[in-house]
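Okay, thanks for making time, everyone. Have a look at the model on the screen and I'll walk you through a few spots.

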Amino acid sequence: MLLKNAKIVSADKVQKGDVRIEGEKIKEIGQDIKANKDEEVINLEGEFLLPGLIDSHVHFSLHSRGTVTIDDFYSGGVSAAFGGVTTIIDYADQVDNSLIKGLVKRKLEARDSVIDYNLHLCVDNKLSSERYLKDFYRLRENGISSLKAFTTYSDIYMLNNKKWISLLKAAKQAELLLTVHAEKDQLIQANTLKYRARKQLGVEYHSDIRSSSVEAEAISELCELLKLLEMPLYIVHLSSQKGYLQILKAREQGIDIYAETAPHYLLLTRQLLEGEGGRLNLMSPSLREKEDNRVLWNGVAEGEIDVIATDHCAFSVEQKKAGSNSLDILPGIPGVETMLPLIYTYGVKAGRISVNKMVELLSTNPAKIFGLYSQKGSIEVGKDADLVVFDPDLEVKLHGDRLHSKAGYTSFEGIKVKGMPVMTILRGTKIVAEGKFLGKRGYGKFIKADKSVVYR
């Protein structure tokens, strides 16, 4: 396959040229490359050619609270492919006090994936501190570069305070990057008691119960531990100005901390939690205010936020209706398909960031941080031919029933975007083109991670 006359976008430049694909790899990049006999030639005049996106935070087939998210690795992967995402990093839970068994089980659940994937391994109280180092080294040998731990959800995931030092030391020794859902559980519990007494547990109070102070306090406490251990940490789904300022403060103190945010924290506010449809927009951390949007966009533009990912966690409308208040409604929204057009429209077109910065945030940085850069994250000879043809002039109004998540809704309902992916190529094979899904169930494969860039 030969892609002609494209605007080839990398994290540092845009160049007009041609890209030849042979098998699963990029074979040649240059000007006026002549087509071989019987080679498929696609003229991309006027369109961007981006490296395939890497959504480093998704939850397909998530087993939680007695149910499973509506998007499995097939339907979630289809939705991702239409959004220009060619690789995801999902999560695996422990099984029988073993991270390795959890990894094996999760890879079986991902066997129908239509796009490539890696996994973060979740650590909770079921894993004894004595097993940390042994399991962590085995994860590295199996191509895993990262872990996840929680400072909240005491009934499901939260790690006991006494285990944090052991966890951090073992992660550092095994050179695994620890990613953290940072919300201080004690503050959430105190807020819950207060709002319960006021009979204010409705969805519209979710942003008060899980306030921005809850996020900031958790980040602050984690940073105190990092001072002692001199190791990196990665904060997932940063949602607030207060949390962001804690990260800046930590960096001023020489702490090595990475930050990820999501499109909904850049573009949406807590007003969406009001009214009948509010429960569809409930996620944790909660939506904030316009000022939080503004500050997070500044962090993106100034290079203080390293990655944008979606935290795609799609439940059906029926599943979201099951809860009675903000404490038991299933938290999460779909988002993997809409990330690229949203960030292009409200980031690049709005003048907040360059198209190069967008590629850095959505592809290059996650590839580097999570050890996938030898194969993914940029358009280079020898790398996987994961490519997205992007039409910067195509205008679309987003509607949940026209997207491909089985959730059937979007928190960005009715929002206009200008700029859409029109073709997605995974390892040399077109999986989306002309508005149709062309991929195959099971074509996606597990991509072994190299050592995370933060440990090089």
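So, β11, helix α4 (residues 164-174) and β12 form a β-α-β unit, and it's right-handed. By right-handed I mean that, with the strands pointing away from the viewer, the path from the first strand over the helix to the second runs clockwise. Helices here are DSSP runs of H or I with at least four residues, strands are runs of E with at least two, and both are numbered from the N terminus.

Before I go on: this is a predicted model, where local features need pLDDT of at least 70 and side-chain atom pairs count only at pLDDT 80 or more, while totals for chains, interfaces and linings use all residues. Residues are numbered from 1 along each chain as its sequence is written, and side-chain values use heavy atoms, with hydrogens and water left out.

Back to the sheet. Strands count as paired if DSSP finds at least two bridges between them. β11 (residues 146-150) runs parallel to β12, with 5 bridges joining the two, and F150 has H181 as its bridge partner in β12. β12 is also parallel to β13 (residues 233-235), through 2 bridges; there, T179 is partnered with Y234 of β13.

How enclosed is β12 by the rest of the structure? Largely, because 5 of the 5 residues in that strand (177-181) are buried. Buried is under 20% relative accessible area, exposed is over 50%, and partly exposed is in between, using a 1.4 Å probe and protein chains only. Both faces are covered, with L177, T179 and H181 on one side and L178 and V180 on the other.

S61 sits in the loop between β6 (53-55) and β7 (63-64), and it counts as buried because its relative accessibility is 11%. Leaving out residues up to four places away in sequence, S61 touches V68, T69, D71, D72, F73 and R106, where contact means heavy atoms within 4.5 Å.

Then there's I369, in helix α13 (residues 355-369). At 4% relative accessibility, I369 is buried too. Its C-alpha lies 21 Å from that of I353, 16 residues away along the chain.
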